[in-house]
Amino acid sequence: MTSTFLSRSGKSPLHLDITFAPPDARLGLSWIQKTRYEESIRRVLFSHIGRCQSLRVESDEFIITTILDLFLDFNLSPSNNSVYTPLSRLHLAKTISASPVVSDPPDYGHQQPTFPPDLSVVAPHLTHLYVDGVQVAVFPRWSLERLYLTDLFVSYQNHFHIFMKTRVTTLVLHRVTIPGGIPYVRQILTYHPSSVTSLRLSELRCAGPENEHQDIYALFFTLTPYRTLHDLELCGLSEDAMYGLTRMLMSNSELVFSEMRLLTLRNVKLIDTMVVPLTNATPGLNGLVLDSVGGGSRLLEVWRRHPGIWPQMTEVSMGEGESVQVRNGR
């Protein structure tokens, strides 16, 4: 039936949404079962890949890999005359595991994932990428504009690639695990421009030993918020993460996000020592959102009492529809 639907769509652009859970995957697929799935998927999809513009796959790693391999084969096939798939939007979501869950040893950032294949070859024209629980080896590098990562490990290699080797402007990191250890990027304080202008960090997790979390977060924040940011949102960060951010700001007094206009804080706790470094690092803010922020009143008090802080501020929102009226810059 799926094959019939695809055939009858003629040459129209395709937007595929595939949710598929092999009924026997939890028990582990045999070689024969995997072969049958691969043959069925190839038979149904391969001839239509050349007109697929968006794809969402929610399944296990085997099915996701099998489908992505079809795009890889299409792009590398000599018969397509270097005409690559027009796929511009891709959403990968891992739902089940094909093998029993086994506790992995701690990973402190030295292992580079190998699944799935290089997405820049799978989808050269990709502009929007959503990844939920699928460990990616290499992210697209040429046309990618928006990247949303959820429930996965982000190595230092991937971190550097995203910020320095792609054209991503909007980046969301939600429940991602950041590594411990020492990054291979040595000159972490050297200024480099980045295409990322909108950044959301939500419910970050730490892979290193618990007694090193604050140091790891401080290093992560040193590498992550570039001076080119226009807006930053911090949501549901732990106290260790906020302490790490505070330490980064306090030890880098010369760091100024001169282009940042909007700062959003949700479900976090502001430490008193963070208020001054935060206001000094964001002098050009004209919008501030505080939603369930411990210590938020202290931040507003400092802003009201010191005319030199955020002179361009035009709106402060407090969450639940509440806002602070700003008149004559106050």
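Contact is taken here to mean heavy atoms within 4.5 Å. Helices (H or I, at least four residues) and strands (E, at least two) are DSSP runs, numbered from the N terminus. The structure is a predicted model, in which local features need pLDDT of at least 70 and side-chain atom pairs count only at pLDDT 80 or more, whereas totals for chains, interfaces and linings use all residues. Residues are numbered from 1 along each chain as its sequence is written, and side-chain values use heavy atoms, with hydrogens and water left out.

The protein has 9 helices and 14 strands. Of its 330 residues, 48% count as buried, where buried means under 20% relative accessible area, exposed over 50%, and partly exposed in between (1.4 Å probe, protein chains only). Among contacts in the protein with a separation of 6 or more, 72% are made by residues 24 or more positions apart.

Helix 6 (213-223) is mostly covered, with 8 of its 11 residues buried. These buried residues are His213, Ile216, Tyr217, Ala218, Leu219, Phe220, Phe221 and Leu223. They pack against helix 5, strand 6 (170-174), strand 7 (177-178), strand 8 (198-202), strand 9 (205-206) and helix 7. In helix 8 (272-281), the buried residues are Met274, Val275, Pro277, Leu278, Thr279 and Ala281. The partners of the buried residues of helix 8 are helix 7, strand 11 and helix 9 (296-305).

Aromatic side chains were examined next. A pair of aromatic rings is described by the distance of the centres and the angle of the planes. Rings of Phe, Tyr and Trp (its six-membered ring) pair if their centres lie within 6.5 Å; planes under 30 degrees apart count as stacked, over 60 as edge-to-face and the rest as tilted. By this rule the count comes to 5 aromatic pairs. One of them is edge-to-face and joins phenylalanine 46 to phenylalanine 74, at 6.3 Å centre to centre and with 70° between the planes. Because phenylalanine 46 lies in the loop between helix 2 (31-45) and strand 2 (52-59) and phenylalanine 74 in helix 3 (residues 61-76), the pair ties together parts that are 28 residues apart in sequence. Phenylalanine 46 has 26% relative accessibility and therefore counts as partly exposed, while phenylalanine 74, at 15%, counts as buried. Another edge-to-face pair is formed by phenylalanine 220 and phenylalanine 221, with 5.6 Å centre to centre and 75° between the planes. Both phenylalanine 220 and phenylalanine 221 are buried.

Charged groups were also found over aromatic rings, the criterion being NZ of Lys or CZ of Arg within 6 Å of the ring centre and within 35 degrees of the ring normal. The charged end of arginine 42 sits over the ring of phenylalanine 46, 5.1 Å from its centre. The ring of tryptophan 142 has the charged end of arginine 141 over it, 5.5 Å from the ring centre.

Grid points are joined across faces, edges and corners, and a volume is the space filled by probe spheres set on the points. The count comes to 3 cavities of 30 Å³ or more. The largest cavity holds about 110 Å³ of space. Its lining comprises 15 residues, of which Leu232, Leu245, Leu249, Phe257 and Leu278 lie nearest the centre. Strand 10 (231-235), helix 7 (239-251), strand 11 (262-266) and helix 8 each supply at least two residues of this lining. By class, it has 14 nonpolar, 1 polar and no charged residues, with Ala, Val, Leu, Ile, Met, Phe, Trp, Tyr, Cys and Pro counted as nonpolar, Asp, Glu, Lys and Arg as charged, and the others, Gly among them, as polar. Residues lining the second largest cavity include Val154, His159, Leu173 and Phe220, and helix 5 (156-164) and helix 6 each supply at least two.

Leucine 92, found in strand 3 (residues 89-94), counts as buried at 0% relative accessibility. Leucine 92 touches Val57, Ile64, Leu68, Tyr130, Val131, Asp132 and Val134, not counting residues up to four places away in sequence.

Note on methods: 1 Å grid on protein atoms, 1.4 Å probe; cavity = no way out; pocket = protein on both sides within 12 Å on 5 of 7 lines; lining within 4 Å.
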